[in-house]
Structure formats: structure tokens, C-alpha cells
Amino acid sequence: MSLALPLAQAEPVIPDFGRGSSCERNDDALFCWSWVKDNWSDTLQPALLQHIALTLIAISIGTAIAFALALAAHRRGWLTTPVVIVTGFLYTIPSLALFQLLVPFTGLTRTTAEIALVSYTLLILFRNMLAGLAGVPAEVRDAARGMGMTESQLLWKVELPLALPAIFAGLRIATVTVISLATIAVFVVDEGLGDPIYNGLQQTFSTELIAAGGLCVLLALCSDALLVLIQRAISPWARAVRR
Amino acid sequence: MNSENTAQTEGPKAYPSAAPLEFRHVGKRYPGADRAAIEDLSFEVPAGEICVLVGPSGCGKTTAMRLVNRMIDLTSGEILLDGRSVTDRKPAELRREIGYVIQQIGLFPHQTIAQNIATVPKLLGWEKRRTEARVSELLELVGLDGGLGRRYPSQLSGGQRQRVGVARALAADPPLMLMDEPFGAIDPINRERLQDEFLRLQSEIRKTIVFVTHDIDEAIKMGDRIAIMREGGRLAQYATPDELLAAPADEFVAKFVGADRGLKRLTLSHLGDIELADGVVVRVGDAAAEARRRAADMSVEEVVVIDGGEKPVGRLPVARLNGQPVSADDADPLAAIGGRSTSLRDALSLVVADRNRPLVVVEDDGRLAGLVSLELISDALRPPGQ
């Protein structure tokens with residue numbers, strides 16, 4: 001974290017390092033575009049990329065774990081309740097408290113942040129995957145088996161493709177949730193958009209807070225839109241016009 | 001429906017013919033159940049015939065059908081497909097050789113119609129080109145436009161979906177088809193059309209078919225043989241539709257086929273199946289005296305008048321023959337005309353509606369074929385062999 005120190009105006013020999021734009025010195029504008037321009041490459045852009053990385057890692061690991069759990073629960077129905085109880089419990093722990101609980105074991109590291117983020121995705125992803133698999137009509141399963149599909153062919157060729165819209169609905173909620181939650185990862189690790197947001201909160205100059213917060217919202221909206229587009233591309237049948 | 005016999009004679013591979021099916025003392029008992037679901041079921045279906053399993057709900061007809069492709073495993077006896085016990089086969093492998101059609105059809109909503117039909121060929125690892133050729137052949141065979149292949153099931157009507165279901169079951173040209181109430185969810189008008197289409201299709205492809213229904217009229221219409229089942233999975237009677245209607249084995253069967261079984265039997269025969277009466281036929285322009293003499297010989301009150309092309313033009317009461325040559329203007333026009341494909345039931349209805357006067361029957365080209373009277377129709381109702 002670096003603090004923006006106002007530079008003395010009377011010393012023109014000191015080079016401008018990019019942090020002292022004019023509106024920051026005047027300190028009366030709510031939002032200052034030139035500050036954003038000056039600080040894009042060394043503050044906002046790295047934070048944004050870190051934020052994307054935090055989100056991608058959390059969603060990937062969360063999806064992998066939830067997928068394995070959902071497949072197991074789909075085969076053996078009795079697993080559903082214990083999985084829902086455990087992931088539901090994880091979901092209810094306040095995020096700051098979870099960081100506190102983890103720090104003694106994993107320290108102030110990215111791992112701590114990721115464990116917390118992943119644990120918040122599990123319930124959403126698991127429930128949606130299971131609902132998607134359970135939503136496959138019984139007659140479709142019967143026909144698939146009756147034509148000679150093995151259980152794994154049934155899963156990969158029929159059940160999973162049909163569960164995709166529900167799985168993507170879960171992915172969208174989980175992704176938006178993680179993007180917003182990842183800002184508080186700043187309490188354990190100096191990564192992501194949480195860093196400039198935290199920074200902005202500690203000063204009267206509001207541009208940094210607004211820019212970083214805005215980027216976070218924008219990232220969430222874009223990710224959501226991207227997921228919608230992917231889902232449409234891989235399940236064109238879901239939008240086929242009925243007659 | 002297109003009637004080219006492509007499925008049997010063309011294509012990248014010689015298609016296997018139909019296979020006989022045999023149930024030998026087949027039983028199914030679920031663990032913990034005090035009664036068997038299927039008890040000592042034995043019957044044979046010759047290759048290429050439709051065997052209808054029919055009975056009240058809970059009689060085990062669907063269970064019996066599902067034992068064949070091992071969707072349910074039997075607990076005693078054996079089922080032989082082409083002489084080989086189905087329990088010796090791996091279920092998935094066996095099922096790929098048996099067409100499967102269910103009432104709800106179960107098309108895959110996420111696949112196009114063409115992909116749906118290609119399901120079994122893909123499972124069997126057919127080449128892409130061969131599969132594509134087979135898919136378009138099948139769409140044509142079941143009377144669907146080739147352009148529908150790119151649509152999704154949700155974009156089709158119920159009748160079209162049912163045809164796709166049949167095409168999908170036929171894709172790998174299986175020697176046996178299992179059909180569980182395939183037309184049960186279709187409205188009556190379309191159901192009748194699909195039944196007719198399917199019978200026409202079957203006359204081309206000649207598959208062995210096990211067809212499950214709860215509707216005795218559908219059973220009589222579709223079946224070469226009918227297995228009537230009763231509660232507890234027991235076989236009440238196994239016979240051809242005609243035998244079943246003429247001689248029900250017991251009261252259960254008699255009640256199930258209905259008190260109107262005589263009329264139902266009449267739907268099985270057509271005017272082309274029975275010998276028609278000649279009656280007295282006079283030609284336009286014949287002398288009145290000659291017509292009167294022939295009517296008197298046969299002691300009839302009416303004669304049938306035909307024109308120069310031997311087409312019937314009307315009935316002429318003998319009393320109206322008054323010295324002038326026979327003329328079409330004097331004759332009463334015919335209220336109805338039967339054809340060789342008219343069912344005896346329809347013929348009976350027409351005769352009764354026309355004050356029991358014999359129905360005039362014509363050949364396909366319109367020439368007079370003969371007459372059918374009430375007596376001829378009731379003669380046809382006598383049980384076979386009497």
C-alpha cells in the first residue's frame with residue numbers, strides 16, 4: 001500500500017511521479033479523471049488484475065469441489081443433506097471472522113484469502129449443480145438408458161448438458177459474490193481492488209475510492225455478462241423458439 | 001408417408017432382419033413383495049409380428065416389456081431374443097440392438113432432431129457419413145421434412161415428436177422394437193393417423209414389436225397377436241385379435257374385450273376378405289321384360305342398374321319396370337357405396353342406415369364388384385372353423 005503524498009509545489013526540480021495531479025492538490029473535486037489516468041498503470045491496473053486472479057482462482061477451485069460433491073450427491077442421494085449442512089455452515093460464517101480463524105494456520109497469505117472465498121462459493125454452486133442434475137426429466141433418463149447409454153454416457157451426454165443453464169445460474173451468483181467479497185481480502189493480503197478502496201477510505205480525497213469501487217462494480221457486471229454469453233453459446237437449445 | 005423401402009434394401013450395410021422373441025416361464029418378484037409382479041409368463045412372438053401386451057393398469061404389462069431390454073431384471077425363467085437369453089448379454093449392449101419408444105418419448109431437449117435420431121448409431125460408433133445418410137433416410141421414412149433435422153424438440157408438435165421417437169428407435173435397424181403406449185399422449189385424431197402410419201411403416205420394415213397399451217381397441221388394431229394380462233402379472237389369453245374376439249378364454253377376457261366384441265371383430269375384416277353376392281344387375285337400355293324375368297328368377301324386389309362402363313348408377317324397384325327399356329332416370333340413386341377396403345363394421349352401418357338393403361360394393365376403378373347383405377356380414381361373424 002502506498003499513500004499519496006502531496007508534493008510541494010514550490011520544488012519544480014522534483015520530478016512528477018504521477019501521483020500529484022492537479023485536482024488532488026486542489027482537493028475539492030469529487031472525482032478526478034487525471035488522477036485515474038496518472039495512477040492507472042501503477043495502482044489501478046495491477047489491483048484489477050490481482051482482483052481478477054483472486055476471483056478466477058476462487059471460482060475454479062470452488063467449481064471443482066462443488067462439482068465433485070454434486071456428482072457424489074447425485075449418485076448417492078443421502079450425501080445431499082450433510083453437504084448442504086457443511087457448506088451452509090461455511091456460508092454463514094462472517095467473512096472477517098473466517099479470516100481471523102484461518103490466519104493462525106495459513107498466515108497473512110493469498111491462501112487464507114482463497115480458502116475463505118472458495119468456502120463462500122460452495123453452497124451456491126453445489127445447490128445449483130444438484131438442482132440442474134435433478135431437473136433432468138425422468139423420461140429423458142429412461143430413454144437414454146433404454147437406448148443403451150452407460151451411466152457415465154448418461155451423465156456426460158445428457159444430464160450435464162441439460163444441467164448447464166442451472167449450473168451457469170449458480171456460477172453467475174458465485175462470481176458476482178466473490179468479486180465483491182474479494183475486496184475484503186485486503187485484511188490479510190495486499191491484493192486486489194480492496195487495496196485502493198481501503199486506501200481511499202483513509203483519506204479525504206475521494207477519487208481513489210470511487211475509481212476502485214467503480215472498477216469492482218464494472219468487473220462484476222462484465223463477468224456476469226460474459227457468463228451469460230458463454231451459457232447462450234453452449235446451450236443454444238435453451239433459447240430455441242417454441243412453436 | 002413415403003413408401004420407398006429404403007431401410008431394408010439400401011444403405012451402407014445390410015440391415016439385420018427381425019428376430020423372434022420368446023418368454024419362457026418368466027417371473028419377476030421384487031424383494032420383500034408378497035406377490036409376484038410377473039408370474040410364469042410364457043409366449044412366443046414370431047419374427048416380424050406385432051405382439052400387443054394389454055390389460056388393466058397394474059397388470060404388469062410395462063414391467064413385462066421392460067424385462068426384455070433389461071431395464072428391469074427378471075427373477076425366474078428366461079427371455080430369448082433370436083434364441084439367445086437376454087440375461088447373457090450386457091444391458092447397454094443389448095439395449096442398443098432393441099428399439100425403445102416410450103409414451104413421453106424422452107427426446108433429448110439439448111440436441112437437434114438429427115442428433116436425437118443419431119443417438120444409437122453414435123453409441124455404436126458408426127462413421128459420420130453413414131449416420132448422416134441414415135438420419136435423412138429415417139426422417140423421410142417417418143414422413144418428416146428433412147429440414148426438421150436442425151430443429152430442437154421443443155420446436156416440434158406432439159405428433160412430429162412422436163415420429164422422431166419412432167425414427168430414433170429405428171436408427172440402428174434393430175431386430176426388435178419395444179413400444180410402451182407410444183400414442184397414449186396424442187389426441188384421438190392424430191393418434192389414429194399415427195397408428196395408420198405406423199402400420200404402413202411396419203408393413204415395410206417388418207420388425208418384431210412388443211407394443212404395450214391399456215386400450216383394447218388399439219390392441220385389436222395394432223396387434224398380430226394380443227397377450228391379455230391380468231392383475232398379478234398373469235397371462236389371461238394369448239391369441240390373434242380374431243380368436244380373442246371370437247372365443248374369449250374366460251370371463252375376465254370377455255369383459256375386458258367388451259360386450260361389443262362382435263362389432264369389434266367386424267373392424268378386423270374388410271369387404272375384400274369376404275365373398276360378395278352377385279344380386280340382380282341390369283344394364284341401362286336392357287329390355288324391361290328381360291329385367292323383370294331375372295328379378296323373378298332370383299325372387300328379388302329390386303335390381304341394381306349399371307351404366308355402359310359397369311359403374312352402378314342406382315337401384316330400381318321391379319314395380320317401376322313398365323315396358324320401357326331400363327333407364328338411369330327411373331332408378332333411385334345409391335345412398336352409399338362400399339369399396340374393397342371398407343371394414344365390415346362400416347358396411348354393416350351403411351346397410352342398417354339404408355333400411356337393411358344390400359350395400360353396393362365397387363372395385364377400385366368404380367366397376368361393380370357385388371353386393372353385401374346383412375346375412376353375409378353376420379355369416380362372417382361366425383367363429384373361425386365353424
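## Helix pair in chain A

In this predicted model, helix H4 (residues 95–106) and helix H5 (residues 110–134) of chain A have axes that come within 9 Å and cross at roughly 135°. That angle makes H4(A) oblique to H5(A). The crossing is right-handed.

From H4(A), the residues in contact are A:Ser95, A:Leu98, A:Phe99, A:Leu102, A:Val103 and A:Thr106. They meet A:Thr111, A:Thr112, A:Ile115, A:Ala116 and A:Ser119 in H5(A). By class, the residues of this contact divide into 6 nonpolar and 5 polar, with no charged residue.

## Contact between chains A and B

Chain A gives 19 residues to the contact, and chain B gives 20 residues. On the chain A side, helix H6 (138–146) and helix H7 (151–181) each supply at least two residues. H6(A) provides the largest share of that side, 6 residues.

What classes of residue make up the side of chain A that touches chain B? There are 10 nonpolar, 4 polar and 5 charged residues.

## Domains of chain B

Chain B is divided into two parts: domain 1 covers 6–259 and domain 2 covers 272–380. The C-alpha centres of these two domains of chain B lie 45 Å apart.

## Strand S1 and its partners in chain B

Strand S1 (residues 21–28) of chain B pairs with strand S4 (residues 76–81) of chain B in the antiparallel sense, over 5 bridges. In this pairing, B:Arg24 stands opposite B:Glu78 in S4(B).

S1(B) is also joined by 5 bridges to strand S2 (residues 38–45) of chain B. These strands run antiparallel. Here B:Lys28 stands opposite B:Ile38 in S2(B).

## Three-stranded sheet in chain B

An open sheet of 3 strands in chain B has the order S14-S15-S16, with mixed pairing. Strand S14 (337–339) and strand S16 (368–372) of chain B stand at the edges. Each has a single partner strand, so one side of each is left without a neighbour in the sheet. On average, neighbouring strands of this sheet are turned by 35° against each other, direction ignored.

S14(B) and strand S15 (residues 359–362) of chain B run parallel and are joined by 3 bridges. B:Ile337 stands opposite B:Val360 in S15(B).

Which strands does helix H14 (residues 344–353) of chain B lie across? The helix lies across S14, S15 and S16 of chain B. H14(B) runs at about 135° to S15(B).

Notes. Residues are numbered from 1 along each chain as its sequence is written. Chains are lettered from A and ligands numbered from 1 in the order in which they are written. This is a predicted model: local features need pLDDT of at least 70, side-chain atom pairs count only at pLDDT 80 or more; totals for chains, interfaces and linings use all residues. Domain bounds come from an automatic or database domain assignment. Axes are lines fitted to C-alpha atoms, for helices over the stretch in contact, and angles run from 0 to 180 degrees between N-to-C directions. Helices (H or I, at least four residues) and strands (E, at least two) are DSSP runs, numbered from the N terminus. Angles under 35 degrees count as roughly parallel, over 145 as roughly antiparallel, 65 to 115 as roughly perpendicular and the rest as oblique. A crossing is left-handed if the near helix is turned anticlockwise from the far one by less than a right angle, and right-handed if clockwise. Two residues are in contact if their C-beta atoms, placed from the backbone, lie within 7 Å. Ala, Val, Leu, Ile, Met, Phe, Trp, Tyr, Cys and Pro count as nonpolar, Asp, Glu, Lys and Arg as charged, and the others, Gly among them, as polar. Two strands pair if DSSP finds at least two bridges between them.
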